[in-house]
Amino acid sequence: MPDAKAAGGERVPCLIHQEGPLAGTRYELAIPITRIGRAAENDVVIAGVDGLVVSGRHAEIRKEGGQWRIYDLESTNGTFVNGERITEAAIEEPSTIQLGKGGPELRFTASGPAVTAGDPGRTIVAIPDPGAPDGGLATAHERLLRQAVARARHAREAGILNQTGLIMREALALALDRSSRKFKWTIAGLVALLVVVSSYAGFRIYRLQQSKASIDSRIAALEQKLAASAQNPEQEAQLASELDQYQKEGLALRQDVFYRFGVREREDFLAREIQTLLAEFGAEVYIVPPEFRDAVQSYLKQYQGPDRPNMARALGEARPEIERIRGVFSESHLPPDFAYMVLVESALEPGQKSSAGCTGLWQFAPATARALGLRVFDHVDERLNAVKSTVAACKYIRNLILDFGAGSSVMLALAAYNLGPSKVKQAIQRVTDPIKQRNFWYLYRVGALPAETREYVPKVIAAMIIGRHPPRYGF
């Protein structure tokens, strides 16, 4: 709650909405903590179209000593400060905070004018901003109408059925309360437009759901036939070709803007997370094989059960080490989530040593470590150095990706980290088509990959998913 000085007009720190229908809206910061998110209990509530990529509890800003700091609350789409994704960071004027990639942008200013709202428990107000397009001079009626039209346009472009209904109710209620008679005709037209948009969005989403159901059922049937093909190369090739065609149709369907908001959000959480990871790795596929998803699910349960102590320690007291490793991967221009491979390799126990002589966080054999520039002698073993061994692991993974190629072959590179590139190449030689030899999902479906590899990759994916969402899995 603002103090008396703030209420009297003293300049106080605040956030300013930068663009879209809420441009110029100011949010006064509370001391010591200001919570930001889509849920109503936050101090700064980001709702409507702007809240689509914002989590219920997205981030919080704290006053610590003489410094303002922002903390991401494990949001789904991340928090960015001046374009960089953060878990926590100091902010100072004029930092720009973005809630989710492509989400709303807020500018932090340490000296905004204090304006209080009618609700004594919240200091969220919209006032004219001199930097806004109208220079802060537009009448309340004009600003209201501009906001409603802009939000309607956003909804029309995105095709968000639920949000357009919300905009319609808000615009109508505010306008009837604050507008003169000449604006009521305009608002009535706007309401009619929103009804049309809502109807069209509903129809498009219904058709997309039907198309998805048809593609999914055909892919499921082909998956069953592939599993029963008894390693008949000719039959496998024909079935895989049909499967690829439906996968392409599914991916094309996913590009429709209505799919994201009306269909994708209804998909199973685990399926969405696997797809999100694969897309970030450049290995996107419409549907992964059912046995792969089942394997990921199995390892999720294993990490929550027998392997829980190792995972709890890695995501608890050893979390700073994980974050340092993520930083090294990011600096090496590799997906930071590759860092969670270390949980599968050593569970962050550098002293572990395998029967083959592999040791350290990344379980390097002596010869491999030396080839990557690490010193391994009787009196010194840099495999035990967390930073140096992680830099070597990044180098090794980059070499494997260059060797096996991009796309789904990135998954082969992960497999080769565990089994070795020579053994992976030897195992896939039975596939005569050189293109299919680099297609991880084809190799997975026809059983061309060794059993150890078929288990290692889902295990890594499971570790990444828990690493991204610890609270969801009890950590």
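Start by selecting helix H5, residues 233-254, in this predicted model. Colour its buried residues: Glu236, Leu239, Ala240, Leu243, Tyr246, Gln247, Gly250, Leu253 and Arg254. Now look down the axis of H5: these buried residues fall within an arc of 130 degrees, so they line one face of the helix. An α-helix has 3.6 residues a turn, so residues three or four places apart point the same way.

Next, turn to the face of H5 that points away from its buried side. There you will find the exposed residues Glu234, Gln238, Lys248 and Ala252.

Now move along to helix H14, residues 409-419. Is H14 mostly enclosed or open? Ten of its eleven residues are buried, so H14 is largely enclosed by the rest of the structure. To see them, pick Ser409, Val410, Met411, Leu412, Ala413, Leu414, Ala415, Ala416, Tyr417 and Leu419. Then step on to Gly420, which follows H14 and has a positive phi near 100 degrees.

Stay with Tyr417 and show what surrounds it. Leaving aside residues up to four places away in sequence, Tyr417 touches Met341, Glu345, Trp362, Phe364, Ala393, Tyr396, Ile397, Leu400 and Tyr456. Tyr417 also belongs to the largest nonpolar core, which has 91 residues. The members that touch the most other members are Phe292, Met341, Trp362, Phe364, Met411, Tyr417 and Ile461. For a second, separate core, select Leu29, Ile36, Val54 and Leu99, which are among its 19 residues.

Are Cys14 and Cys358 buried or exposed? Cys14 counts as buried because its relative accessibility is 2%, and Cys358 counts as buried because its value is 15%; the cut-off for buried is under 20%. If you look for disulfides, the count is zero.

Finally, zoom out to the whole chain. You will see 17 helices and twelve strands. Of the 475 residues, 47% are buried. Among contacts with a separation of 6 or more, 56% join residues 24 or more positions apart.

Terms used
Residues are numbered from 1 along each chain as its sequence is written. This is a predicted model: local features need pLDDT of at least 70, side-chain atom pairs count only at pLDDT 80 or more; totals for chains, interfaces and linings use all residues. Side-chain values use heavy atoms; hydrogens and water are left out. Helices (H or I, at least four residues) and strands (E, at least two) are DSSP runs, numbered from the N terminus. The expected span of a helix is 1.5 Å times one less than its number of residues. Buried means under 20% relative accessible area, exposed over 50%, partly exposed in between (1.4 Å probe, protein chains only). The arc is that of the directions from the helix axis to the C-beta atoms. Contact means heavy atoms within 4.5 Å. A nonpolar core is a set of buried Ala, Val, Leu, Ile, Met, Phe, Trp, Tyr and Cys residues joined through side-chain atoms within 4.5 Å. A disulfide is a pair of cysteine sulfur atoms within 2.5 Å.
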